[in-house]
Amino acid sequence: MPGSWEGQYIRLELIRVNNLPLPSRRIHTGFYVSIHVDSRYWRSPVRVVSSYKSDVLGDIVILSLHEVCELLVEIRVSYEFGRMLGDREVVAKFETSWDKLLDRGDEPFGQHLVDISFPPHCGDHSSLTLKAAILHPCDNQYSTLLDSIVECEIARDTDAGHEQLATYVISKTVYHLNNAVQHFQLVMDSLLDPAAALTNFAWVHLKGYIPNDLQDIISFTSLFCQVLALHLQGYPDHPLSIHHFLIALICKLLPLCPEGTYLRSIAAGVCSVDYVIRACNSLPIDASDEGIHLRRIVLEICPLGNDHRPKALGNLAQALGSRFEQCGSIDDLDECIRRRREAVSLCCEGHSERHTYLDNLALSLTSRFDYQGNSRDLNEAISLHEETLRLRPVGHEYRDFSLDNLGIALCTRVIQRDNVNDIIRAISLQREALTLRPPGNPYRGYTLNNLAGVLATRYEKSDASEDLNEAIDLYRDSLQLQQYGHSNRPTALRNLSLVLCSRFTQTQKHEDIKEAIRLCQESFASLPQLHPNRYYSYSTLRAAYMSRYEIQHHPTDLSLAVENFRLASRHPTHGFPSRIIEAYNWTVAGEQHGHGSTLEAYSTFFELLDDHLATRSSTLSRREAAAVFHYARSLPVDAASCVIRSDNLRHAVELVEQGRGQQWSLASRLRTPLEDLESMNPNIAHKFSELSRHLADAQGCADSVDRAATDRAAVEYRRIMTQWEAAVAEIHNLPRFLAVPTPTFIRRLASGSASWPREPHHVSLPSITLTDLNILKDRFARAIRLASRMDPAKPRTDLIVLLRIVWDQIMLPIVNVLENVLKLKRRSRIWLCPTAAFTSIPLHAAHPFQTKADGSGKEPCLEDLYICSYTPKLSALIRSRQMMKQRVPPSFVAIGQGQPGAGKGKALLAVDSELEFVRKLVPATANGTTISGDVATRWDALEALQLNTWVHLACHGKQDPAQPYNSHFVMRDQPLTLLDIMDRDIPYAEFAFLSACHTAVGDKETPDEVIHLAAGLQFSGFKSVIGTLWEVDDAVAKHVVKAFYENLFGDLEDGGVMDCTKAAWALNRATHAVKTKVPLEQRMVFIHIGV
């Protein structure tokens, strides 16, 4: 180096790279320039390779000239946007000295352009243009900007692998390919960046694969699949991984195209991606994970607007639907429906394929109805089938499919609801379809099977033997066309077995039942253990054994039937509704024949129903789902009765608790007190609390008129529910932690308050039957209506007679046990938890209405002896007691609406005066406020409930018998509904007095669910609630209200604590105090619920 340069600095500005070479022919993402001097180097930022011959740089580096006289300039390309392994592949290299680089002959050196021409590489001549300038030192401000070269084994192996692969591409020497494989294998084994390492490893296999060797192609295609699984959507290298995968697919498809053919030229040409999409869309549907993964990739490269997108959506949906049929995962079916909805939306009116996408969507909705039992799915499916049939008029090539599918859907609806028109039309459609599928048609067997099914359904409804015999003949014809190996043969075998069972029951011909059992056993042969349709085989075989047992009474047949009851109801991959029905039939058969599995059947039913309701993402949809099984309303009581007969009272209480109030139980699990858990494991407590909050939020999104939005909400709800259940399982595993949000709380009850019995007691009621109870319930309803129209001064003779019956036949036997067996002191508190018909009878008001035998006075009534409260469930009371640990300074609000407006009920003239004396009686420490008149709106009332711990509500209350969750308080603008109240979580709330009509009246359709306004407030967080059983006369009821608050707060000293646990006692005292002012039915109307 010339001496004049000693101590000088050089400024290099990189201008551009010309004709960048790509020797290994891989898909590159970028390149950079590096300059090495001695053991130090400088590297430019990575830039995307442009589509032009020249790539502009603009980078600057400052070097000290005295350090070394030699330098190395390299250009390297990268193959990933994300993390880089090694220094990437060298595509151009140039070594020189400063003398040669800066030699300008006799020209003075200032600032000039320098072109570095790299040696030829694979026939490419590349160059680097830079600008060089000498700088003078000034206070050492120009220090070297080179970094130390830090090498590691992963970088060395990666770079060596790139070098060997590039050499192989030029030389085709297998030695270099094998070396590349070894280097990339070593990097992959390090697991530092598995995605990048896998990509390199897959690429070297792709470059060296043996043409037409399918196993070799499958191997590297699988590697690219793994890379894609690691590079999820949103990852920088996700699009690149899709491109790699497509190239692998092209290689996979090339061997299928003979040399020289048009397809071969397309697959190898510039339209290969489009070809791959079309080719993949034409491949047979594969329901494996790999097949579905392929369908997702194809869909991803068909964005909105792409002509292939509807087909890609349809194929992915079909693969998901097939996997659902094989494995029974509802998530697959939900996604299938979602994809098919999108496909329909992309094929507007007039689209040539719209009829196909409509038909497929309808079939998926029918499948989901079969799995979940939601009637909206079935009704929508029928509507879509109707539209499809209109698009397939007479002469259309697919009309037979629409006729067949619509007939099946209508027949399914007939099973749900007896509609003569549906069954007649279903038969007509199937017969027309059969004419379009003459002998020789590949689908004739399906239509024969479906027509037979519709006729068998009509036979079950009308008992017409000609339908049964024709169904048997049609099923036999169908079976002949569906020989061994046919996918529909198991179904045909089961169906023929079922109708033979029906004929055996009618004719008792032994050969029919023998053949039925043989056919059903054969249906298992081609079905894997977890195949969803195996449920039908269990159920059909059970029906055959039960039919034979009921005729021939062989105990073995009953045992075999019970075993198949068990297998069918517990088959994990089949939908809940069918399994619930199977469990219900099991309970009926068990009770009828006195089998020892009956209790197991009851427990199975309750567990399945609970799991089924938990899958519904809204309160209304849960009630709708429960209402389907209306015939099983008495099961909680029936189960308890069964256990009582076996003298296992604790289990009886567990079953009643498990079987009733399930909708409250499901909702309450999201609001479990967590103090104990927080002290033991705050992380789990926080996770559980957050998941509960998200799950509660998800519940409110499910009841939309937009079915697609409803589907999305249900999927999201189920996703969160899965996480929530996992958190519950984690809590279960904590040592010594018992406060687990599960359906049954009886263990907590047993270890609860010392004043509660440790063991349940059975009290027989020999004087009253279930029929008597129903009659008594109706008589009470009539007597209350009559009393409401009577003069307040007149005696309520009818009510007195009925209350005497309640005392003598129901409550007196219980009181005898409380006094004589349990030695319960008088004026103790008792909680009534009525079930079934008992929920409609005012048990708390039971009264002998007679004088003592010695004439010393009146016989005491129930409320003279004890302080009575109600609880909808034992777990609800336990939960309220737990939540009493969380107390805050009290705040009291009185909400009144006496002028509800036109059409919302008559004016309540006593409301304002009631609010006034309530305000005066409430202690000053409660910071009492009043909301009434125009400001007593729905929103203001909700906000007041949220902000205050004590609430008094005086207004109209309306019970909605058709939809109890729409029961409401009448406000000035809009009703304040039970659903509104349930949506609020008010953990610090304590007491609510509901001075309104019908606030504690349950749902007549599902009495054991105890769905009413008072229960809703308790669920929201109020631990103690006073509600009403029927209409309240505000003119006289205000006396009860006044007496109640006087007793509750009368002896409260200054600074005393307002205690909601005294509410039951205060109500008891109030109803006694107003006997002369308030008629009997207006005293009885108020009940206390909670602590």
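**Cysteines, salt bridges and arginines**

Modeller: We can begin with a cysteine in this predicted model: C642 has a relative accessible area of 12%, and because that is under the 20% cut-off, C642 counts as buried.

Biologist: How many disulfides does a search of the whole structure find, and how far from C861 is the nearest cysteine sulfur?

Modeller: The search, which covers the whole structure, finds zero disulfides. C861 is accordingly in no disulfide, and the nearest cysteine sulfur to it belongs to C868, at a distance of 8.5 Å.

Biologist: Is C861 buried or exposed?

Modeller: The relative accessibility of C861 is 8%. Since buried means under 20%, C861 counts as buried.

Biologist: Which residue meets D512 in a salt bridge?

Modeller: A search of the whole structure finds 35 salt bridges, and one of them involves the side chain of D512, with an N to O distance of 2.9 Å. Both residues of this pair, D512 and R503, are buried. The partner of D512 is therefore, with a nitrogen within 4 Å of a carboxyl oxygen, R503.

Biologist: What separates R518 and E515 along their helix?

Modeller: The side chains of R518 and E515 meet in a salt bridge of 4.0 Å, N to O. R518 counts as partly exposed at 45% relative accessibility, whereas E515 is buried at 16%. Because they are three residues apart in helix α19, residues 510–523, the separation is about one helical turn.

Biologist: Which helix holds both R566 and E563?

Modeller: The side chains of R566 and E563 meet in a salt bridge of 2.7 Å, N to O, and E563 counts as partly exposed at 34% relative accessibility. The two residues lie three apart, about one turn of the helix, within residues 555–569, which form helix α21.

Biologist: How far apart in space are R826 and Y866?

Modeller: R826 is found in the loop between α33 and β10 (829–832), and at 51% relative accessibility R826 counts as exposed. R826 and Y866 are 40 residues apart in sequence, while their C-alpha to C-alpha distance in space is 5.8 Å.

Notes. Residues numbered from 1 in each chain as written. Predicted model: local features only at pLDDT ≥ 70, side-chain atom pairs only at ≥ 80, totals over all residues. Heavy atoms only, no water. Disulfide = S-S within 2.5 Å. Buried < 20%, exposed > 50% of the residue type's maximum accessible area, 1.4 Å probe, protein only. Helix = DSSP H or I, 4+ residues; strand = E, 2+ residues; numbered from the N terminus.
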